[in-house]
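I opened the model to look up a few contacts and salt bridges. My notes are below, in the order I made them.

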Amino acid sequence: MEAVLRAEDIHVTYPNGVRANVGVTLEVRGGEVLGLLGENGAGKTTLVKVLSGLLRPDKGRIIYMGREVVFNTPRDALRLGIILAPQTPRLFPGLTVAEDVGLTMRLAGRGMGLQEVRRRLREISREYGLGVDPDARVWRLSMGERQRVNLAKIIMLDARVALLDEPTTHLTPMERRSLVQVMRRMASEGRAVVFITHRIGEALEACDRIAVMRKGRLVGVVERGEASREQLLRMMFGDYTPSKPSRRSGGPGAGRVLELVEVWVRGPHGTWAVRGASMSVEEGCVVGVAGVAGNGQRELFETVVGLRRPVRGRVLLMGVDVTRAPPLARRRMGMAVIPEERLGWGLVPGRSIVFNIAFAHAWLDGGFMVDWQSYRRLAEEIVSAMKVKARSVEDPVDSLSGGNMQRLLLGRELLRGARLVAAMNPTAGLDARTAEAVDSMLVEAASRGAGVLVFSEDLDELMTISDKIYVMSRGRLHGPFMRPFDYKAVAAAMTAG
Amino acid sequence: MKASAALALLAGLVGIVVVAAMTPAGPAGLFSALATVYTRPDLLATAVLYAGPIAASAVGLAVAYRAGFLTIGSEGQVLLGALASMWVIGYSGLRLPPVLAVASALLLALVAGLLLGLVVGVLRAWLGVNETLSSLMLNYIVLAYANYLIAGPWRVGAFTETKSIPPSCSLAWPVVLACLLAMAVVLEVLVRRTRLGLAVEALGAAPRAAETYSLPSRRLYLYVSALQGATAGVGGALMLMGFQRVLTAMSVSPGYGYMGILVAWMALLSPLASLLASYFFSTLIVAGYILQSYRVPFNTVLVIQSIIVLAVLAYVMIGRRSRRP
């Protein structure tokens with residue numbers, strides 16, 4: 001097979017001194033799925049940003065179809081048929097799916113009428129089984145649904161090179177399998193597909209070749225037939241071997257930290273997003289809420305945290321009715337929050353690590369002046385306790401990789417001694433090692449006596465860490481399912497009406 | 001990327017030269033007028049007086065903009081502040097000794113501006129009304145009210161103008177400077193060192209995170225809108241007692257409040273830096289008055305000010321965005 005796109009000796013150093021790509025040379029061939037494997041911060045995203053014109057390398061060349069090209073903007077790459085689907089889909093929230101796709105088509109120099117876009121989207125959606133509704137508003141879609149819009153876009157654009165940055169992050173196991181099929185099919189049509197992932201299993205399943213990156217360098221490229229799990233692990237982590245999080249005793253039956261009684265919550269469009277949900281989280285327990293995204297999890301989470309008020313029903317925290325209490329009152333009672341999105345929801349972008357520790361504490365700590373010295377010390381403690389890779393606590397949080405952001409966030413929320421921890425997709429987009437670390441921190445919080453409520457689309461993860469699991473489907477809670485979990489029963493509840 | 005940032009400044013300079021070249025005075029005339037201002041102590045002192053309403057508006061706006069509260073109500077608040085001080089001194093019937101009259105004029109201007117600012121804040125916090133639009137509308141309301149007072153109840157003599165405030169109530173430049181410094185220092189400390197400043201910053205940069213981590217966003221909008229209105233109101237008093245002395249239909253809308261908006265952004269939302277930027281702007285105004293004798297329209301000054309702000313902002317933004325992880 002012939003090389004469609006070739007990166008030659010790419011070097012990228014960020015202003016904070018992080019060397020994200022160090023002399024990376026990689027070739028992408030037509031008709032193949034090339035896996036790009038590595039843990040968070042290995043430089044995978046940086047590389048595809050360079051290949052798609054989002055980032056200009058300090059040094060290095062990009063060869064497209066045998067000719068050197070220079071991308072000044074992503075649009076230059078788009079016009080050549082190179083498209084990046086970022087890990088967190090960037091679509092226009094206010095547009096319909098068809099309008100958003102139509103806009104991209106126009107930017108790629110292949111504009112067409114809106115009716116035509118809708119018609120073709122429907123066709124592609126049916127043919128590839130993407131379930132994309134051209135008339136849905138983007139802001140109503142879950143991240144998984146947005147990811148599928150991106151796939152539809154790639155197919156509509158007839159892209160020669162599709163760069164998929166962690167496309168499985170927001171997908172359920174079933175959606176993941178169909179994504180693999182879509183990728184295989186795109187490759188069989190002669191396209192080059194670059195599939196970024198940190199899951200070895202996925203890479204082995206979907207890819208023809210697997211390129212492994214570590215600390216900004218390309219460690220090696222292996223053919224599918226020759227790759228073994230152990231070999232890939234060694235390439236990814238050096239001589240590190242991951243372990244399973246330890247389970248502790250204790251569990252249901254203890255005091256109730258959180259209780260929901262027949263809670264009804266309206267969604268963004270006035271429809272019922274949560275229909276009569278009742279559940280409880282006990283001291284020392286990890287409680288999982290499973291389900292496909294968009295079944296009311298976000299609204300339920302926001303109700304627990306205090307960002308959304310239920311129309312009917314009650315929310316009890318340590319036995320106190322907090323149904324109408326704002327987040328501040330709940331945090332005073334010991335609630336820690338790990339929101340769905342790290343930047344913007346959990347952390348304040350563009351500000352330092354110290355600022356990000358301080359802002360979440362300041363209103364609880366009281367006082368008129370801010371004691372920056374003590375927050376600096378606290379930030380340094382958190383950074384060292386959570387092993388956050390940061391050069392200085394004065395660095396902006398944006399300079400951290402996703403995994404390090406999550407460590408920082410967890411540190412801020414957990415090290416204070418929380419009684420209820422509410423976490424939404426806490427391991428989404430993290431590499432295996434960091435995800436495991438996050439999970440064991442949550443389990444540890446529970447073993448110190450907190451009640452931990454985890455929403456996740458990753459059923460395997462929930463089954464590993466939870467003491468009981470509820471399943472959310474179309475606004476209703478099913479369960480609880482108790483240990484030992486019956487995988488089939490839980491999975492069946494996920495698809496139940 | 002450094003080069004393109006410098007290019008922004010160069011483009012600004014070229015723009016200014018081109019604009020100046022279109023006036024009878026020419027670029028040389030403009031720069032010599034500026035040179036005159038910067039070499040004459042009396043003109044430098046005058047510039048402090050003119051900086052009063054601009055800087056007072058800017059310091060408060062800087063705080064509001066940090067919270068993402070994009071009000072443009074300073075124009076109306078300056079005007080209302082001026083009306084309030086004029087009432088205390090000229091129309092209240094109180095015969096206060098000068099020091100007390102000045103002090104109560106400042107205080108009432110502050111309160112008037114604060115209340116007007118609070119209207120915008122309440123509308124935003126409780127009804128979700130866009131603060132830019134509501135404050136713009138309020139500006140027109142205050143302007144119309146001022147015109148009514150000047151042409152109607154407050155009118156004296158043949159022209160549509162109010163009484164003139166007595167010389168004993170005029171402010172000397174050190175007093176104006178002291179007022180501005182006090183406000184700027186207080187707000188700078190507020191922004192950098194207090195809990196409120198921290199919350200304001202978080203609210204502006206990530207409203208969702210601020211809400212999740214229990215910052216009282218509604219209350220914060222009220223605080224910043226009140227603060228912002230109060231400083232602009234004081235600006236109105238400084239305008240009246242610093243140099244305006246009389247309110248005429250012509251002088252009610254000189255645009256100092258709007259200049260404060262430009263200044264706040266140019267100072268990158270730092271209250272202290274706003275003082276310097278305002279002073280620079282006000283020297284341009286004084287230079288503009290000198291140039292009027294060359295039949296250069298005064299609005300040229302506004303054009304030049306705007307070009308400067310655009311160039312500075314472009315310079316900063318390009319510098320920031322050149323490389324991002």
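**Ground rules.** The model is predicted, and I kept local features at pLDDT of at least 70 and side-chain atom pairs at pLDDT 80 or more, while totals for chains, interfaces and linings use all residues. Residues are numbered from 1 along each chain as its sequence is written, chains are lettered from A and ligands numbered from 1 in the order in which they are written, and side-chain values use heavy atoms, without hydrogens and water.

**Chain contact.** I looked up the contact (heavy atoms within 4.5 Å) and found 28 residues from chain B and 41 residues from chain A. The buried area is about 3,000 Å², with 64% from carbon and sulfur atoms; this is the accessible area (1.4 Å probe) lost on putting two parts together, summed over both. I noted 2 salt bridges between chain B and chain A. A salt bridge here is a side-chain nitrogen of Lys or Arg within 4 Å of a carboxyl oxygen of Asp or Glu. B:Arg208 forms a salt bridge with A:Glu302, at 2.9 Å between the closest N and O atoms.

**Helix pair.** Helices are DSSP runs of H or I with at least four residues, strands are runs of E with at least two, and both are numbered from the N terminus. I checked α3 (residues 97–107) and α4 (residues 114–128) of chain A, whose axes come within 9 Å and cross at roughly 105°. Axes are lines fitted to C-alpha atoms, for helices over the stretch in contact, and angles run from 0 to 180 degrees between N-to-C directions. α3(A) and α4(A) are therefore roughly perpendicular, a label for 65 to 115 degrees. On the α3(A) side I listed residues including A:Val97 and A:Val101, and on the α4(A) side residues including A:Leu114 and A:Leu121.

**Salt bridges within chain A.** A:Lys153 and A:Asp100 meet at 2.8 Å, N to O. This pair joins helix α5 (residues 143–156) to helix α3 of chain A, 53 residues apart. Buried means under 20% relative accessible area, exposed over 50%, partly exposed in between (1.4 Å probe, protein chains only). A:Lys153 counts as buried because its relative accessibility is 7%, and A:Asp100 does so at 2%.

**One tyrosine.** I found A:Tyr64 in strand β4 (residues 59–64) of chain A. A:Tyr64 is buried, at 5% relative accessibility. Beyond four places in sequence, its contacts include A:Val4, A:Leu80 and A:Arg160.

Terms used
Angles under 35 degrees count as roughly parallel, over 145 as roughly antiparallel, 65 to 115 as roughly perpendicular and the rest as oblique.
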